[in-house]
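Subject: Handing over a structure, with notes

Dear colleague,

I am passing this structure on to you, and below it you will find my notes on what came out of going through it. Please look at the structure first and then read on.

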Amino acid sequence: MPRQTKTRSVFVCDSCGNESSKWEGRCSSCGEWNTLGEMKVSAKRSATGGWTGSTTAIATPLAEVSTESTPRMVFSSAEVNRVLGGGIVSGSLALVAGDPGIGKSTLLLKLASETGHGTKALYATGEESAAQIKMRSNRMNIQTDGLYVLPATNVDQVIEQAQSLKPSLVIIDSIQTMFDESVSSEPGSVAQIRECTRRLLEHAKSSNIPMILSGHVTKGGDIAGPRIMEHMVDVVLHMEGDPVSAWRLLRAMKNRFGSTNEVGVFEMTSSGLKEVEDPSAAFIAERGTESIGSVVIATLEGTRPLLAEVQALTSASMLPTPRRVSSGMDFNRMLLVCAVLGRRAGVNVGGQDIVVNVTGGLHVSEPASDLGVALTIASSARDVPLSPGLAAVGEVGLSGEVRSVPQLDRRIAEADRLGLNRIIVPARQWDKNAKSKSIEVVPASTIRQALQAALPRA
Ligand code: TYD
Ligand code: MG
């Protein structure tokens, strides 16, 4: 594509992405020093410019707009299709973001091999050599017909190759390694990422080829600086998981073509990422029969009910301020549950060190897990076991009430499906006349009632 010759310079801050027409030692927007980098842009547009489509702009009645021109490419991985809302839309730009080493390259290589018979996929990488990709594909034992690798960091080269190869999917691993010659700052800087993403977006839209980029997440949780990429791309998927556990969750954070409520579950094995078809069964598989301080919670990941195991351990503290540790759940919610247990249920844990853990490296953030946490802490503090077939859902309020949770029926059904025999639920939500299930549903309106039902011997 011939680049426009008439250019002007703008200066983009690497810290906040602010644009200014002249160089300054200090960014006028965020106040950081020496962060402005020069960027050449065509005289007609600003550096921030997104995709504007064709040059003619005519409004069309919505009723006459056809969606047939946006077909989706469906991968063999059902979990990925689910997260994308049924496959990737032609001409869309998706971003897979996650911590380094979480498995982004592994996932993208797998997707590049799944474009279907007789199609081509271009895997452009600035991180690894072609030989490394080959070794990885051997280990993953994937289909490599039609899979082209391009070790490159120049975004022009990637676009040129995409134009000549005409693949049905382009992968860029990662956006932080790409650079555009018109931008003076280093690869990975905000100005470079913005320009490279813009160029790739333009190519994806004009060629109607879907593209997937990978991006590292910074310590603060941002993808490559101040969220610029999230605004530009159509789909943002987060890959999460505890590096020491094998489970990986792929979560849609933004999706212009589907719901953001979906999550895909994978397991990292020695031969790549495997889909987990029944995550609930996998997450509670290692539950023992001796369950002091352990209970199953039925949580929702998007629209998907998932069972997980919560464990708590309490022990008399030797410290002036007892220690509280939570892993896989919100620390402040755990403190809230401890306080309510002490004040409203007579389970005084003030002098105890408490550790709460959600097993399998899962991170549960919804308040519906409160009741499960309360039961495990009480069970550990009183040294009384909980039944291994017991599950609990409910938000705990400050006056000790058990509050409603969204989609209770689906949570109960999931616990029932996995063979649990008893579930404690918020009383005000439970209709006694509802059709009977094989699982016994125990309504509780306060945390005291829930403790009586779960720990009758305490
Ligand atoms: P990678 O996809 O390179 O992570 P990212 O691109 O997000 O930085 O993979 C990260 C880890 O996954 C790596 O430490 C090794 C492990 N891994 C496996 O366990 N099995 C495999 O088959 C592959 C390809 C990687
Ligand atoms: Mg990688």
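Which are the buried residues of H2? Before I answer, please keep in mind that this is a predicted model. The buried residues of H2 are Lys104, Ser105, Thr106, Leu107, Leu108, Leu109, Lys110, Leu111 and Ala112. Helix H2 covers residues 104–112, and because nine of its nine residues are buried, H2 is largely enclosed by the rest of the structure.

Another pair of helices deserves a look, namely H4 (residues 155–165) and H5 (residues 190–207), whose axes come within 10 Å and cross at roughly 10°. Since angles under 35 degrees count as roughly parallel, that crossing makes H4 roughly parallel to H5. On the side of H4 the contact is made by Val155, Asp156, Ile159, Ala162 and Gln163, while H5 brings Cys196, Arg199, Leu200 and His203 to it. By class, the residues of this contact of H4 with H5 divide into five nonpolar, two polar and two charged.

Turning to open space, the largest pocket holds about 420 Å³. This pocket is lined by 24 residues, of which Glu240, Gly241, Asp242, Gly361 and His363 are the closest to its centre. Four strands are the elements that give two or more residues to the lining, and they are E6 (93–98), E11 (235–240), E12 (247–255) and E18 (352–358). The lining has nine nonpolar, 11 polar and four charged residues.

Asp173 and Ser174 are joined by a cis peptide bond, with omega about -5°, and Ser174 lies in the loop between strand E9 (169–173) and H5. Lys166, which sits in the loop between H4 and E9, has a positive phi of about 50° although it is not a glycine. With a relative accessible area of 63%, Lys166 is exposed, because the cut-off for that class is over 50%.

Gln407 is not a glycine either, and it has a positive phi of about 50°; its place is the loop between strand E21 (402–403) and helix H10 (408–417). Is Gln407 exposed or partly exposed? At 36% relative accessibility, Gln407 counts as partly exposed.

With best wishes

How values were computed. Residues are numbered from 1 along each chain as its sequence is written. Chains are lettered from A and ligands numbered from 1 in the order in which they are written. This is a predicted model: local features need pLDDT of at least 70, side-chain atom pairs count only at pLDDT 80 or more; totals for chains, interfaces and linings use all residues. Side-chain values use heavy atoms; hydrogens and water are left out. Axes are lines fitted to C-alpha atoms, for helices over the stretch in contact, and angles run from 0 to 180 degrees between N-to-C directions. Angles under 35 degrees count as roughly parallel, over 145 as roughly antiparallel, 65 to 115 as roughly perpendicular and the rest as oblique. Contact means heavy atoms within 4.5 Å. Ala, Val, Leu, Ile, Met, Phe, Trp, Tyr, Cys and Pro count as nonpolar, Asp, Glu, Lys and Arg as charged, and the others, Gly among them, as polar. Buried means under 20% relative accessible area, exposed over 50%, partly exposed in between (1.4 Å probe, protein chains only). On a 1 Å grid over the protein atoms alone, a cavity is a set of points where a 1.4 Å probe fits but cannot get out, and a pocket is an open set with protein on both sides within 12 Å along at least five of seven lines; lining residues have an atom within 4 Å of a point. Grid points are joined across faces, edges and corners, and a volume is the space filled by probe spheres set on the points.
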